[in-house]
Amino acid sequence: MYERPASDALSKRFEAAFMPNYGVPPVALARGEGSKAWDVDGREYLDLIGGIAVSSLGHAHPALVAAVSAQVATLAHTSNLFLHEPEVLLAERLLGLLGAPARVFLTNSGTEANEAALKLAIKYGKSTGRGYFVAAENAFHGRTLGALSLTGKPSIRDQFGPFPADVRFVPYGDADALKNAVTAECAAVFLEPTQGEAGVVPPPDGYFRAAREICDATGALLVADEIQSAIGRTGHWFAHQHDGVLPDVLTLAKGLGGGMPIGACVGFGPAGTIFAKGDHGSTFGGNPVSAAAALAVLDTIDRDGLLDHVRTVGAQLAEGIAAIDHPLLKGVRGRGLWLAIVLTADRSAQVQAAAQHAGFLVNALQPDAVRLAPPLVITSEQIAAFVAALPAILDEAADD
Ligand SMILES: *Cc1c(COP(=O)(O)O)cnc(C)c1O
């Protein structure tokens, strides 16, 4: 339909050089600015997925560019043999935003943050006679073996067992099922405050609070995986703040570094000192450049009032989609700038392709759900442009 010589050539080289685990992605991106991105053939897109909820400030944000450039020109790496100011500032900044006594461990990715949380929970379990874990069906916690053992999606999990942790899965959102599964032998409950990869699925009201009560009653740690939901994505710094519930352990990554790789595992109160000297580590985790990037992200969200902005334009986006009457459109779910367009048929791949043809990057997350997680800086005009284009995109996806 479109001439894409540079994209086609690069895709062929990608296919020949890489393991086939990703397939060949449909667009070869060359550069970005704000919420716009251009492919290697020069086609412009409005980026409504932000590198999977990662590019919180959009592309090439001046504050991120300045922070990363200055830091890489000063000190790029220390390892954990030496400490540096950006990591200390970042940990202090996170603790300030969380507003409760806690300690931080910095990682390079989401799955590593969950590995840290799981190791910490295993140690807690061993010292208190608790040998199993509870997680939710369809949960996604990462691809490394510890995090994968907590991941409740058989298609990505089953062939890689047996796993290092005994994990029992319960239906997400069902507080009674959770209550039945969590006994005094359960070391920890791992939950996403809203499930991300499962399809941007918020739980029923009160579920997270019920999880807190169940963990308090049994002594299990409550681990909130906020790798996708935090750092302003839902219109709050952290999604658990919607429920006013503090977990024992919190994991972060994706949006924290605005595109630079960084994650965090935060332990509140006694959970902050379960790891003793020598128990865990990372050579790159919290490196100065990524820490400087994360500080720039947090400062910019604060300075530019992006939490309010996310609530306003997130509501505009959700209401705009909900107001469309189309046979392929069932509705919209999610919070803030983190939404799923829910379809009446399994045509999300066709919607993604039609959106791409119309100049919008979206993500076919589930067969019947399309994920939107745009940069937090996306403008009201850009949202309006997508909402205006969506009926024709749905028409094309329905006819294909
Ligand atoms: C993306 C994600 C992870 C894994 O993060 P990686 O950086 O890809 O390892 C874990 N948990 C949740 C909720 C996620 O969305």
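Visitor: Which element gives the most to the lining of the largest pocket?
Guide: Strand β14 gives the most, with four residues. Please note that the model is a predicted one.

Visitor: What volume does the largest pocket have?
Guide: The largest pocket holds about 1800 Å³ of space. Its lining has 50 residues, and those closest to the centre are Tyr22, Gly51, Ile52, Glu197 and Arg371.

Visitor: Which elements give two or more residues to that lining?
Guide: They are α2, α5 (110–128), α13 (348–357), β13 (360–361) and β14 (363–366).

Visitor: And how do the residues of the lining divide?
Guide: The lining of the largest pocket has 23 nonpolar, 19 polar and eight charged residues.

Visitor: Which domains does the lining of the largest pocket draw on?
Guide: At least three residues come from each of domain 1 (5–60 + 305–399) and domain 2 (75–303).

Visitor: What about the second largest pocket, what is its volume?
Guide: The second largest pocket has a volume of about 840 Å³. Among the 37 residues that line this pocket, Asn80, Glu87, Val104, Phe105 and Leu106 are the closest to its centre.

Visitor: Which element gives the most there, in the lining of the second largest pocket?
Guide: Strand β4 does, with five residues. At least two residues are supplied by each of α4, β4 (102–107) and β10 (263–268). By class, the lining of the second largest pocket has 17 nonpolar, 16 polar and four charged residues.

Visitor: Changing topic: how many cavities of 30 Å³ or more does the structure hold?
Guide: The structure holds one such cavity. The volume of the largest cavity is about 30 Å³.

Visitor: Which residues line the largest cavity?
Guide: The lining is formed by Pro203, Pro204, Asp205, Gly206, Tyr207, Phe208, Asp243 and Arg335. By class, four of the lining residues are nonpolar, one is polar and three are charged.

Visitor: Now the nonpolar core. Which residues touch the most other members of the largest one?
Guide: The largest nonpolar core has 85 residues, and Leu178, Val189, Leu191 and Phe386 touch the most other members. Helix α11 (residues 288–303) gives the most to this core, with nine residues. The core draws at least three residues from each of domain 1 (5–60 + 305–399) and domain 2 (75–303).

Visitor: Could we take Phe386? What does it touch?
Guide: Leaving out residues up to four places away in sequence, Phe386 touches Leu48, Leu317, Ile341, Phe360, Val362, Leu372 and Ile393. Another core, of 20 residues, lies apart from the largest one, and its members include Leu118, Ala135, Ala188 and Cys265.

Visitor: Where is Pro86, and is it buried or exposed?
Guide: Pro86 lies in helix α4. Pro86 counts as buried because its relative accessible area is 13%, under the 20% limit.

Visitor: Which residues are in contact with Pro86?
Guide: Apart from neighbours within four places in sequence, Pro86 is in contact with Gln71, Pro288, Ala291, Ala292 and Leu295.

Visitor: How many Å apart are Pro86 and Leu178?
Guide: From C-alpha to C-alpha, Pro86 and Leu178 are 40 Å apart in space, and they are 92 residues apart in sequence.

Visitor: What about His84? Where is it found?
Guide: His84 is found in the loop between α3 and α4. Since its relative accessibility is 5%, His84 counts as buried. With neighbours within four places in sequence set aside, the contacts of His84 are Leu75, Thr78, Gly286, Asn287, Pro288 and Ala291.

Visitor: And Ser79, what is its phi?
Guide: Phi of Ser79 is near 65 degrees, a positive value in a residue other than glycine. Ser79 sits in the loop between α3 and α4 (85–98). At 16% relative accessibility, Ser79 also counts as buried.

Visitor: What is the phi of Ala60?
Guide: Ala60 is not a glycine either, and its phi is positive, about 55 degrees. The residue is found in the loop between α2 (50–53) and α3 (62–72).

Key
Residues are numbered from 1 along each chain as its sequence is written. This is a predicted model: local features need pLDDT of at least 70, side-chain atom pairs count only at pLDDT 80 or more; totals for chains, interfaces and linings use all residues. Side-chain values use heavy atoms; hydrogens and water are left out. On a 1 Å grid over the protein atoms alone, a cavity is a set of points where a 1.4 Å probe fits but cannot get out, and a pocket is an open set with protein on both sides within 12 Å along at least five of seven lines; lining residues have an atom within 4 Å of a point. Grid points are joined across faces, edges and corners, and a volume is the space filled by probe spheres set on the points. Ala, Val, Leu, Ile, Met, Phe, Trp, Tyr, Cys and Pro count as nonpolar, Asp, Glu, Lys and Arg as charged, and the others, Gly among them, as polar. A nonpolar core is a set of buried Ala, Val, Leu, Ile, Met, Phe, Trp, Tyr and Cys residues joined through side-chain atoms within 4.5 Å. Buried means under 20% relative accessible area, exposed over 50%, partly exposed in between (1.4 Å probe, protein chains only). Domain bounds come from an automatic or database domain assignment. Contact means heavy atoms within 4.5 Å.
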